[in-house]
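Here are a few exercises to work through with the model open in your viewer. Try each task before you read its solution.

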Amino acid sequence: MSNSRRDFLRGVAGNKTGTSHTESVNPRRPGAGEARQVQTHECDVLVIGGGIAGMEAALRVVSQGKTAIIVDKGVFGHSGSSGMNWGHTYQSMEFSPEDDATLGNTIAVMDMVCEGLLNQPYFYHLLKAHKEEKIIQNGLKYGSIPLYNEDGTVLSRNTINPEFPVTHDQGFWPRMMAQWCQRNGNVTEIIDNTYVVDILLSPQGRAAGAVAIDMIHGIPHVFRSKATIMATGSYCWITGWNGMGAESMAGKENTGDGIAMLLKHGIPMADMEQFCGDASQWTPAGIRQTMGNFNFDGHQTPKNMIFDANMVSWEELLEGHHPLVNMGASMRIFYGLRHTGRATENGGCLIDKACAPALPRYFRRVEERQKELLDYELPQYVEVVPETWDSAGCPRELSPTSETILPGMFFAGAAPGGVGGMTQIAAQSGGWIAANGAVKLASSIDTPPVAEGEVNKILDKAYSYLEREPKNPIRANKVMRSIQNTYWDRENGPLKDEAKIKAVIQELTRIKEEDIPRMWTADKSYRMNCEWRDCFEAENMLYCALGASYAGLIRKETRGFHMRTDYPNLDNNTGLDNTVVKLEDNGEWNADFAPKFDQIVPKSIMAQMVPTDIGLNTFALNNQDDKMAIGKETE
């Protein structure tokens with residue numbers, strides 16, 4: 001039996017889950033012309049994003065007898081950060097003791113790694129999910145092949161460390177997981193190359209699905225669901241090409257679209273000023289390019305094998321300092337050396353190539369391959385340059401099942417306290433617990449209705465980019481580059497002071513008011529129109545850049561990848577609270593601090609645990625004589 005458009009909008013169609021059909025609606029502005037065919041889909045749970053978090057969520061939903069649709073803006077299994085980084089590792093507590101003491105110790109260590117910004121209760125639920133989820137066992141089921149040592153034994157890091165019992169194993173290939181999703185109806189439906197432009201809401205303000213555009217054919221899609229999981233990842237690429245040349249750990253697909261949608265619907269976001277970073281690029285450019293040169297405690301690359309431009313080793317630099325050199329501290333060393341004139345030509349350090357055998361999965365055999373295939377031999381000391389790779393923006397308020405303050409909208413994928421780089425832990429388990437919450441909700445409600453005209457309103461805006469003819473038009477890719485160049489200049493990277501941040505906000509606001517309305521597509525086709533997609537991407541990127549800037553303005557200290565030259569040190573007396581930014585209904589931004597979630601390890605204890613002895617000026621030279629004396633920073 002067919003459903004009328006009135007029934008569809010009222011939600012009656014939602015009683016038939018896992019179905020698709022077409023409806024004729026008019027997505028244009030009044031008087032603009034003919035009606036457009038809209039493909040509609042109905043399911044119990046809609047999963048926006050097809051990366052690790054989205055796949056994990058959809059598989060879990062279907063395993064519990066509910067229907068799940070994945071909508072992915074790229075090519076499924078090959079897009080986004082999961083598609084780029086097929087060599088993810090497993091991270092799991094499934095082999096560790098199951099007791100609160102073990103979990104508490106792990107959370108304490110991870111909060112220290114994240115420099116005190118961890119959402120402790122949420123991370124507790126992520127770790128608990130490992131026992132149910134069995135990440136490593138499932139990875140082997142999907143067909144993931146671990147790496148092997150030369151003697152044929154499995155290269156595994158599944159040795160329990162009492163202080164940090166999150167086990168690791170190499171060779172978690174997301175592509176294998178994607179293939180599993182595509183087999184035997186493991187996921188109800190997968191729709192890729194389809195860009196979600198906005199969330200659908202019921203008249204009561206409940207998430208009711210989403211509206212998307214098929215970027216191959218230009219056909220609008222309407223997804224109706226009882227619950228929605230936002231799993232678009234945590235990248236937002238507002239730093240752009242931030243390494244040597246046109247290189248980045250993120251990419252054009254990673255524009256923070258999910259984060260931007262949540263912001264536009266009034267969901268407060270925490271710690272948007274924070275990023276992850278890694279010293280990932282080796283010169284000449286292209287020799288080694290990915291994450292993994294440094295880990296949380298700096299043991300992957302021995303400190304006596306890393307040097308500043310004057311060949312002073314990190315071992316000498318760090319003499320007398322706290323032994324923990326986490327990701328934030330290592331990035332402060334890199335950019336502190338750049339700030340004080342001690343960095344190499346491209347703003348990095350020198351590394352002894354002899355450290356390669358100790359490096360993680362990506363790099364062990366690179367040198368011999370370079371020699372064998374390209375007849376290129378690495379010099380003994382190679383320049384290595386830092387790069388950003390992850391935004392830590394995460395909804396401030398998340399229930400134990402990852403539901404946001406928007407009813408029916410669940411969140412999965414970004415690391416809570418991402419300055420420590422916990423993408424895999426948060427993605428896999430975040431998808432799992434979000435799915436559990438979404439299934440429970442979908443079992444208790446009918447599909448929410450959608451307000452009359454809501455779909456048309458969203459589509460009017462989406463298609464307006466093709467229809468507008470503004471004066472002084474500007475291409476969307478130019479707007480994207482302007483946003484990136486404004487937020488992150490190539491010379492100084494994250495190094496900013498208050499005047500610089502205010503200037504960034506002023507220019508981003510100008511782009512919002514003047515350039516976004518002028519965005520224009522020379523190509524008016526609905527099919528394979530990359531310019532059209534760039535219009536969506538540019539606006540989402542702008543919201544992420546503004547949110548990160550307002551958060552950075554109020555954090556008057558240096559912490560993680562947030563580096564203030566006017567406040568060069570960590571301050572555990574004030575800095576352990578979370579920044580929270582919210583986009584108000586009137587378009588104004590509100591930024592403030594919220595108390596740290598410290599129900600497991602009190603804030604006073606974390607203040608003693610988080611090292612504060614490495615700031616931006618810690619390794620400034622006291623003089624310029626030939627001895628290159630290292631100045632010890634004083635309070």
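This is a predicted model: local features need pLDDT of at least 70, side-chain atom pairs count only at pLDDT 80 or more; totals for chains, interfaces and linings use all residues.

Residues are numbered from 1 along each chain as its sequence is written, and side-chain values use heavy atoms, leaving out hydrogens and water.

**Exercise 1.** Classify the ring pair of tryptophan 488 and phenylalanine 561.

Step 1: recall the rule. Rings of Phe, Tyr and Trp (its six-membered ring) pair if their centres lie within 6.5 Å; planes under 30 degrees apart count as stacked, over 60 as edge-to-face and the rest as tilted.

Step 2: apply the rule. The centres are 6.0 Å apart and the planes are at 40 degrees, so the pair is tilted.

Step 3: Tryptophan 488 is in the loop between helix 14 (476–487) and strand 20 (495–496), and phenylalanine 561 is in the loop between helix 16 and strand 22, 73 residues apart. Helices (H or I, at least four residues) and strands (E, at least two) are DSSP runs, numbered from the N terminus.

Step 4: check burial. Tryptophan 488 is buried, with a relative accessible area of 3%.

**Exercise 2.** How many aromatic pairs does a search of the whole structure find?

Step 1: the search finds 14 aromatic pairs.

Step 2: look at one of them. Tyrosine 335 and phenylalanine 561 form an edge-to-face pair, 5.7 Å centre to centre with 65 degrees between the planes.

Step 3: ask what the pair joins. Tyrosine 335 lies in helix 10 (residues 327–339) and phenylalanine 561 in the loop between helix 16 (530–554) and strand 22 (563–564), so the pair ties together parts 226 residues apart in sequence.

Step 4: tyrosine 335 counts as buried, at 1% relative accessibility.

**Exercise 3.** Is glutamine 608 buried or exposed?

Step 1: find glutamine 608 in helix 17 (residues 603–609).

Step 2: at 67% relative accessibility, glutamine 608 counts as exposed.

**Exercise 4.** Which residues of helix 8 are buried?

Step 1: helix 8 (residues 257–264) is mostly covered, with seven of its eight residues buried.

Step 2: the buried ones are Asp257, Gly258, Ile259, Ala260, Met261, Leu262 and Leu263.

Step 3: just after helix 8, glycine 266 takes a positive phi of about 80 degrees.

Conventions:
Buried means under 20% relative accessible area, exposed over 50%, partly exposed in between (1.4 Å probe, protein chains only).
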